[in-house]
Amino acid sequence: MAKLYFKYGTMGSSKSAQALITKFNYEEQGMRVWLIKPSTDTRDGADLVKSRIGLSQRAEVIAPGEDIREAFHKSGKRDVIIADESQFFAPEQIDALREIVDKENIPVLCFGLRTDFRTRFFPGSMRLMELADSITEIKTVCACGAKATVNARIDARGRIVTDGEQVLLGGNDRYAAMCHRCWRRKIAEQRGETDEISH
């Protein structure tokens with residue numbers, strides 16, 4: 001039986017690299033992969049999935065409100081779907097991917113962020129947490145050596161930003177993966193407060 005997978009991690013945890021390696025592995029077995037990404041992610045080009053280590057592949061772009069089931073059937077015969085930056089899909093599009101798994105018996109592997117810079121769910125990620133058969137964390141580390149769980153948004157001066165729009169595209173210039181302890185401590189320092197969390 002096919003499954004819906006959600007593989008999540010913070011910024012810089014090699015999610016896109018793992019998505020592309022997974023695609024390569026399926027194709028080595030002679031399987032046809034449909035690589036997709038939401039149109040919201042234009043950081044490396046509208047139709048490009050690119051990892052920080054240099055791997056890249058063209059992908060089919062899915063627009064907000066687009067029917068993924070219809071796009072899937074137009075794409076030709078496929079054996080597996082790999083979706084990058086899945087946090088940007090609408091919940092209804094995640095429902096459509098779930099339906100493809102159930103009705104077509106096609107595995108769907110979604111890679112993306114779980115939460116935003118305020119530690120709040122992205123709508124697409126929340127729906128994946130609700131529907132996925134398999135949920136796996138792709139781990140990376142904070143500068144202190146602890147496991148990173150927060151996608152800290154930083155400004156041009158390196159200060160942590162705690163309000164603003166949920167979606168702001170960027171890489172190392174705008175985001176840093178941190179453990180929750182370091183994130184809280186740095187916010188408190190910026191505000192001139194003493195945080196009760198010791199380091």
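1. Setting aside neighbours within four places in sequence, Ser 125 has contacts (heavy atoms within 4.5 Å) with Phe 6, Gln 87, Leu 113 and Arg 114. Ser 125 sits in helix α4, residues 123–131; helices are DSSP runs of H or I with at least four residues, numbered from the N terminus. Its relative accessible area is 0%, which makes Ser 125 buried. Buried means under 20% relative accessible area, exposed over 50%, and partly exposed in between (1.4 Å probe, protein chains only).

2. This is a predicted model, in which local features need pLDDT of at least 70 and side-chain atom pairs count only at pLDDT 80 or more, while totals for chains, interfaces and linings use all residues. Residues are numbered from 1 along each chain as its sequence is written, and side-chain values use heavy atoms, without hydrogens and water.

3. The whole structure holds 13 salt bridges, each a side-chain nitrogen of Lys or Arg within 4 Å of a carboxyl oxygen of Asp or Glu. One of them joins Arg 127 and Asp 95 at 2.7 Å, N to O. Arg 127 is in helix α4 and Asp 95 in helix α3 (residues 91–104), so this pair ties together parts 32 residues apart in sequence. Arg 127 is partly exposed at 24%, as is Asp 95 at 31%.

4. Glu 27 and Lys 23 also form a salt bridge (2.7 Å, N to O). The two are four residues apart in helix α1 (residues 15–28), about one helical turn. Glu 27 is partly exposed at 35%, whereas Lys 23 is buried at 8%.
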